[in-house]
Structures are given as C-alpha cells and as structure tokens.
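Visitor: I have a structure open and would like to go through it piece by piece. Can we begin with a strand pairing?

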Amino acid sequence: MAIQGPIPVTYNMVFPHGCYIVGEVEPVKDFDASSNGRFVQSRDKQTGELVWQVAVMDGDPTLKPAQKTVAVKILAPVQPVPPAPMPGLPFTPVEFDGIAITPYVNATGRLAYSIKVREMHAPRQLSQPAQSKASAGKDAA
C-alpha cells in the first residue's frame, strides 16, 4: 500500500463546521521516558518535534455531546500560542494547518483518529466588502 504513516488532510475535511479551543495548550507527556516524578515531553516519532496538545470542540451540530471534544496534537519547537479570544463568544475559534490524521482502533474496538497539526491560528475570514444599495447596482433613494 502506498499510504504509510499519518494521512495528510485539510482543515475543512476534519472540521467543516469549524472548531473552538476549550482547553489550554499543554505539553504531552512521554510516559515511557518520564519516571520518579520527572516529566519528559513527548517528541513526534517521524519529525522529532516536541508534541503539544489542546482540546477543541467540533462545531458540527449533528455530533453527540461525547463526540464534540477532541484533542489536537501540535508539533512545534516551542509552546504554541492560541489565537486571541473574540469578544462576545464563549469559546475561541481556531484553525489548523499542516494536518495529518492517523486512524487507530480505540479501547472499545471503534475506529478513531489521532489528529496532528503543524500550525494553529485564528480563522481566516473571507474579506468581502459590504455592498451598499448603490454598489449593488440599485438606485440609491
């Protein structure tokens, strides 16, 4: 098979309804290397980059509550900084670039996905100038 390792995907394939940060960006613990109270941060097996994690809520309204929150792992040499909160919203919208998923079978025997990303940033807005009646081709009254 030609596909080996993580599968590259786009943000819109994973989060077509957007997603929102619901936790802090934290280092991922390397359970094999950590011992006797000594914390060792996990490194990605393919790239050697440090691994960070943030909980996000999927904006898909059809998901059950237990399916809405997922962990996204971020590969970065330093702790990533989430985008600034948006006034009036209870959660901070976020987008990711350089996404790859790794399918696996979880403890209950169901198919699940590990999500790794290279970059986290504020959502890109399609900048469309507001049209007035005159600019929309209608007579101004």
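Guide: Take Val-9, whose bridge partner in S7 is Ile-99. Keep in mind that this is a predicted model.

Visitor: Which strands does that pair belong to, and which way do they run?

Guide: Strand S1, residues 7-9, is joined to S7 by three bridges, and the two run antiparallel.

Visitor: What else does S7 pair with?

Guide: S7 is also joined to S8, by six bridges, again in the antiparallel sense.

Visitor: How many residues sit between S7 and S8?

Guide: Five residues lie between them, and the two strands form a hairpin. Gly-109, in the turn, has a positive phi of about 85 degrees.

Visitor: And which strand pairs with S8 in the parallel sense?

Guide: That is S5, which pairs with S8 over three bridges. Ile-74 has Val-117 in S8 as its bridge partner.

Visitor: What about S4 and S5, parallel or antiparallel?

Guide: S4 and S5 are antiparallel, with seven bridges. Val-56 stands opposite Val-70 in S5.

Visitor: Let me step back. How many helices and strands are there?

Guide: The protein has two helices and nine strands. Along the sequence they come in the pattern β-α-β-β-β-α-β-β-β-β-β.

Visitor: What share of the residues is buried?

Guide: Of the 141 residues, 29% count as buried.

Visitor: Where do the nonpolar ones go?

Guide: In soluble globular proteins, nonpolar side chains tend to be buried together. Here the largest nonpolar core has 20 residues. Phe-15, Val-54, Val-56, Val-72 and Phe-96 have the most contacts inside this core.

Visitor: Which strands supply that core?

Guide: S2 (19-21), S4 (51-58), S5 (69-75), S6 (92-97), S7 (99-105) and S8 (111-117) each supply at least two of its residues. S4 gives the most, with three.

Visitor: You listed Val-54. What is it in contact with?

Guide: Leaving aside neighbours within four places in sequence, Val-54 is in contact with Ile-21, Gly-23, Glu-24, Val-25, Val-70, Ala-71, Val-72, Ile-74 and Phe-96.

Visitor: New topic: pockets. What is the volume of the largest pocket?

Guide: The largest pocket has a volume of about 750 Å³. Its lining has 24 residues, and Gln-67, Val-70, Ala-112, Tyr-113 and Ile-115 lie nearest its centre.

Visitor: Which element gives the most to that lining?

Guide: S8 does, with five residues. Helices H1 (11-14) and H2 (65-68) are among the elements that supply at least two residues each.

Visitor: And how does the lining divide by class?

Guide: For the largest pocket, the lining has 15 nonpolar, five polar and four charged residues.

Visitor: What about the second largest pocket?

Guide: The second largest pocket holds about 390 Å³ of space. It is lined by 17 residues, with Ser-42, Arg-43, Lys-45, Lys-73 and Lys-116 nearest its centre. The lining of this pocket has eight charged, five polar and four nonpolar residues.

Visitor: Why does Lys-116 count as partly exposed?

Guide: Lys-116 counts as partly exposed because its relative accessible area is 21%, and buried means under 20%.

Visitor: Last one: where is Phe-39?

Guide: Phe-39 is in the loop between strand S3 (26-27) and S4. Leaving out neighbours within four places in sequence, Phe-39 is in contact with Pro-27, Val-28, Lys-29 and Ser-34. The C-alpha atoms of Phe-39 and Lys-29 are 6.8 Å apart, with the two residues ten apart along the chain.

Visitor: And why isn't Phe-39 called buried?

Guide: Phe-39 has 44% relative accessibility, so it counts as partly exposed. Buried would mean under 20%, and exposed over 50%.

Conventions: Residues are numbered from 1 along each chain as its sequence is written. This is a predicted model: local features need pLDDT of at least 70, side-chain atom pairs count only at pLDDT 80 or more; totals for chains, interfaces and linings use all residues. Side-chain values use heavy atoms; hydrogens and water are left out. A nonpolar core is a set of buried Ala, Val, Leu, Ile, Met, Phe, Trp, Tyr and Cys residues joined through side-chain atoms within 4.5 Å. Buried means under 20% relative accessible area, exposed over 50%, partly exposed in between (1.4 Å probe, protein chains only). Helices (H or I, at least four residues) and strands (E, at least two) are DSSP runs, numbered from the N terminus. Contact means heavy atoms within 4.5 Å. On a 1 Å grid over the protein atoms alone, a cavity is a set of points where a 1.4 Å probe fits but cannot get out, and a pocket is an open set with protein on both sides within 12 Å along at least five of seven lines; lining residues have an atom within 4 Å of a point. Grid points are joined across faces, edges and corners, and a volume is the space filled by probe spheres set on the points. Ala, Val, Leu, Ile, Met, Phe, Trp, Tyr, Cys and Pro count as nonpolar, Asp, Glu, Lys and Arg as charged, and the others, Gly among them, as polar. Two strands pair if DSSP finds at least two bridges between them.
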